[in-house]
Amino acid sequence: MSKVKSSPKLIKEGKLSYEWARSHMQILDNTINRLKKSKPLKGITLGFCLHITKETSVLLMGAKELGANVACCGGNPLTTQDNVAAFLASQGIHVYAWNGQSVKDYDWCIDQVLKHKPTILTDDGADMNIKAHFDKRFKNMKILGATEETTAGVTRIRAVENQGKLRYPVILVNEAYTKHMFDNRYGTGQSTIDGYLRAMNLLMASKRVVVVGYGWVGRGVASRSHGMGSKVIVTEIDPIKALEAHMDGFEVMPMSQAAKIGDIFITCTGMTSVIRKEHILNMKDGAIMGNVGHFDVEIDSEFLLKKSKSVKEVRPSLDECVLKNGKKVYLIGQGRLANLVAAEGHPPEVMAQSFSNQILSVMYILKNHKKMENKIINVPQEIDTQVAVDALKAMDVKIDKLTPEQVKYANSW
Ligand SMILES: NC(=O)c1ccc[n+]([C@@H]2O[C@H](COP(=O)([O-])OP(=O)(O)OC[C@H]3O[C@@H](n4cnc5c(N)ncnc54)[C@H](O)[C@@H]3O)[C@@H](O)[C@H]2O)c1
Ligand SMILES: N[C@@H](CCSC[C@H]1O[C@@H](n2cnc3c(=O)[nH]cnc32)[C@H](O)[C@@H]1O)C(=O)O
């Protein structure tokens, strides 16, 4: 069963996208090929709440090849690639996702996945896990465990655990080194520039780019913006991160100051209300802002889209908002993940690392759930290291090994 936009043309395009991604996701492809002979997921239903992109199609097709019954919905109302959804549905995967859905539809799609009674959940942002914990229709459903893809989802699931309400183990895939150091930093660094360029197609060189938050995502976005010739300003609330940004060579200042001089704003915090009405009113005429952190709460998009004198989509994914003070400012992708709404999300090579962690964590839950407690755990070190070894192999990079003399030296005092 599926609910997607479909046509022979979309299915054909989606198949080509899937094949292109798979041919550039060697680590994941190798993992799937290695495991698939024994069909280790036979008889298991898996539920996924992830951005439906070509990279995700490789993970979902892989899970199917390992024997699983697969149900999925999108990780955000605006990020589904309809051709990929149509292709997956044509392959017998239960897909509930289409681009441009309302928040109500998005919620309905998560319900449909849970109605398939998946025993392991893979989530991006924790919307599905929260429902499986607190919605009376699903809170008694048998679930062996779950995995979480992103920082903001980790924060939410941690809050559930802190309140003593976690009812099954959750593996924090985001916390794997081979995930956040690469996906969050280099993946978002590149796909954000891609999204901003597609939305605005303006010169980045010489512009003042304000990067809000200097975590893994912010570091990647700042470094790639600098590489485009922009003058980067960082805003932070954490003194250590602020110091790091300062020593990395970026200007650091509060948002109240940055708002007045920035040309382009990129929010990367996972926090709510980091660009507020008072900042927007002080921005320069023509300022462009967008978000690549969690949800559409980082920028006051409601003020921009509902309280402006007029709002006009002047280019795909770019709204011109004429404020009551007469200034024109621009919002990318309605304040939702600009790299996935205005572009196509992360490149396949980096998602291969994240999704290898995902599939290996799902296998870990299946094998170990009886001895796992209802707690959050990090990706086991052996999986993280295996993904790094596989990634180096895929990129044909060789490294040294400690000699016996060095091992002896390291163990002596
Ligand atoms: N768009 C994507 O594809 C993508 C990819 C990975 C992560 N994410 C999301 O991006 C967000 C950031 O992820 P991360 O891994 O960098 O997290 P992180 O925790 O490493 O970094 C977040 C940073 O924001 C700072 N911050 C918090 N409130 C702030 C405020 N009011 N002003 C300025 N700075 C503030 C924090 O101090 C921290 O340094 C999360 O919501 C995550 O889910 C998005
Ligand atoms: N549901 C949340 C999702 C946060 S997106 C952040 C996650 O998206 C993931 N991501 C980025 N690009 C892609 C892609 O192309 N395909 C699938 N997932 C992606 C990435 O791993 C990252 O951790 C929301 O709507 O705000």
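Predicted model: local features only at pLDDT ≥ 70, side-chain atom pairs only at ≥ 80, totals over all residues.
Modeller: Residues are numbered from 1 along each chain as its sequence is written, while chains are lettered from A and ligands numbered from 1 in the order in which they are written.

Colleague: Why is aspartate 124 called buried?

Modeller: A residue is buried if 20 or more other C-beta atoms, placed from the backbone, lie within 10 Å of its own, exposed if 12 or fewer, and partly exposed in between. Aspartate 124 has 26 such neighbours, so it counts as buried.

Colleague: And what makes lysine 179 buried?

Modeller: Same test: lysine 179 has 27 C-beta neighbours inside 10 Å, so buried it is. That lysine lies in helix α8; helices are DSSP runs of H or I with at least four residues, strands are E runs of at least two, and both are numbered from the N terminus.

Colleague: Which residues is aspartate 124 in contact with?

Modeller: Contact means C-beta atoms, placed from the backbone, within 7 Å. Leaving aside neighbours within four places in sequence, the partners of aspartate 124 include Cys49, His51, Glu149 and Thr150. Aspartate 124 itself is in the loop between β4 (120–123) and α6 (127–134).

Colleague: How do you know that there is a "binding site" at Asp124 and Lys179?

Modeller: That comes from UniProt, in an unreviewed entry, which also lists Thr53, Glu149 and Asp183. Take it with care: such annotations may be inferred rather than shown by experiment.

Colleague: Why do you say ligand 2 lies between the domains?

Modeller: Domain 1 (8–179 + 345–394) and domain 2 (186–341) both give residues to its shell, so ligand 2 lies between them. The bounds come from an automatic or database domain assignment. Around ligand 2 there are 22 residues, with Asn76, Gly125, Thr150, Gly345 and His346 coming nearest; near means a C-beta atom, placed from the backbone, within 6 Å.

Colleague: What makes up the shell around ligand 2 by class?

Modeller: Six nonpolar, twelve polar and four charged residues. Ala, Val, Leu, Ile, Met, Phe, Trp, Tyr, Cys and Pro count as nonpolar, Asp, Glu, Lys and Arg as charged, and the others, Gly among them, as polar.

Colleague: How many residues of domain 1 are in contact with domain 2?

Modeller: 13 residues of domain 1 are in contact with twelve of domain 2. On the domain 1 side, α7 gives the most, with three residues.

Methods. Contact = placed C-beta atoms within 7 Å.
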